[in-house]
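Thank you all for coming.

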Amino acid sequence: MASSGIIVFIFPVLCICAVKSVECKAENVGHYGQQSLLECVVKTSSDVTDPNIRMVAWKKLTSPEDEGDLLLGFNRGKLDRPKRGYRFAEPSWNEKNMNVSLLITNTAVADDGDYKCIVITDSGDHNIVTTLKVQARYRIPSVHSTPEKIVPNSESTLICESRGGYPKGTLRWFDEEGTDWTGSSEMETKPSDDGLFQLTSRLSLFRGSTFPIYTCAVFNASGGKEDSITFETNIHDKIKDSDPTKPSPETSKIVAPLVVIGSLIVGLLLLLLYRRRSQRK
Ligand SMILES: *[C@@H]1O[C@H](CO)[C@@H](O)[C@H](O)[C@H]1NC(C)=O
Ligand SMILES: *[C@@H]1O[C@H](CO)[C@@H](O)[C@H](O)[C@H]1NC(C)=O
């Protein structure tokens, strides 16, 4: 029969277009030292009743053009050279399972970046790029000073350090009233062997402008405050008192009675003058 011949001919053509796509979360966030999930699912059109996956390749891209480094592969019914620390997220994944998500068991800074997922099923093939953003929380900062004991009226430096974070964060300085002194500081960012950053900030304290308390706060790459610590300089108001432009409490103790007595004398003089004038008239 001619009609059944046509059906047999058309059917494979339909099947090739049947894989609609591999759908991934565009951006995945992973935490350093923990498991990360790159979530991707193969979507087939509703007319495909029993899809089978023939091949899967998960690759890490170092640049948009490169071939990529194979992390996890599935081909002809078996796993193909999986790299340590990378596996299918579904515990007993097999070719019938359309959830091809990749699980990174111990996320490192080097895992940050773009991944390519290539899927071939018996009804078509597709590939897609998805991104992993690795984050690590900065540790509570620590502050020390040089010299160790801050002497009033001499120059000193506060040094704040926070490590173990990713991506690059910032350290900021505040006094007890919340005034931002970061402009008087200098920050240095150093990557450690594991790719995490160490932040060091030096705040210069000048003669006559030292506050009793400073706060050093660490902010992550998106500007979120992660932690802070306060440091006491053990300089209490001494600096403010020696400021020559401001009257000290001692001078105001003398000045106040003088002002009172002075105005009394002026008042009496004015009274005398007034009396004399009215007597002359
Ligand atoms: C895919 O599998 C992973 C691991 O089991 C699971 O966390 C995720 O929710 C699944 N995704 C979908 C869309 O089913
Ligand atoms: C920064 O901190 C905020 C608030 O804690 C958080 O929501 C965000 O994910 C963090 N971003 C990074 C890059 O660590």
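Around ligand 2, in what is a predicted model, you will find Gln135, Asn220, Ser222 and Gly224. Taken alone, ligand 2 exposes 360 Å², and the protein buries 56% of that area. Sorted by class, the shell around ligand 2 holds four polar residues, with no nonpolar and no charged ones.

Let me turn to another serine, Ser36, which belongs to strand E3, residues 36-38. Ser36 counts as buried because its relative accessibility is 1%, and its side chain is joined to that of Thr107 by a polar contact of 2.6 Å. Leaving aside residues up to four places away in sequence, Ser36 touches several others, including His31, Leu102 and Leu132.

Finally, the aromatic rings: a search of the whole structure finds five aromatic pairs. In one of them, Tyr166 and Phe197, the ring centres are 5.6 Å apart and the planes lie at 5°, so this pair is stacked. Tyr166 lies in the loop between strands E13 and E14, whereas Phe197 is in strand E16, 31 residues apart, and both Tyr166 and Phe197 are buried. The rings of Trp181 and Phe211 also have their centres 5.6 Å apart, but with planes at 45° the pair is tilted. Here Trp181 is partly exposed, at 27% relative accessibility, while Phe211, at 18%, is buried. Elsewhere, Phe74, Phe88 and Trp93 form one aromatic cluster.

Conventions. Residues are numbered from 1 along each chain as its sequence is written. Chains are lettered from A and ligands numbered from 1 in the order in which they are written. This is a predicted model: local features need pLDDT of at least 70, side-chain atom pairs count only at pLDDT 80 or more; totals for chains, interfaces and linings use all residues. Side-chain values use heavy atoms; hydrogens and water are left out. A residue is near a molecule or strand if one of its heavy atoms lies within 4 Å of it. Accessible areas come from the Shrake-Rupley method with a 1.4 Å probe; for residues, only the protein chains shown count as cover. Ala, Val, Leu, Ile, Met, Phe, Trp, Tyr, Cys and Pro count as nonpolar, Asp, Glu, Lys and Arg as charged, and the others, Gly among them, as polar. Helices (H or I, at least four residues) and strands (E, at least two) are DSSP runs, numbered from the N terminus. Buried means under 20% relative accessible area, exposed over 50%, partly exposed in between (1.4 Å probe, protein chains only). A polar contact is a pair of N or O atoms within 3.5 Å; within protein, one must be able to donate a hydrogen and the other to accept it, and residues adjacent in sequence count only if both atoms are side-chain atoms. Contact means heavy atoms within 4.5 Å. Rings of Phe, Tyr and Trp (its six-membered ring) pair if their centres lie within 6.5 Å; planes under 30 degrees apart count as stacked, over 60 as edge-to-face and the rest as tilted.
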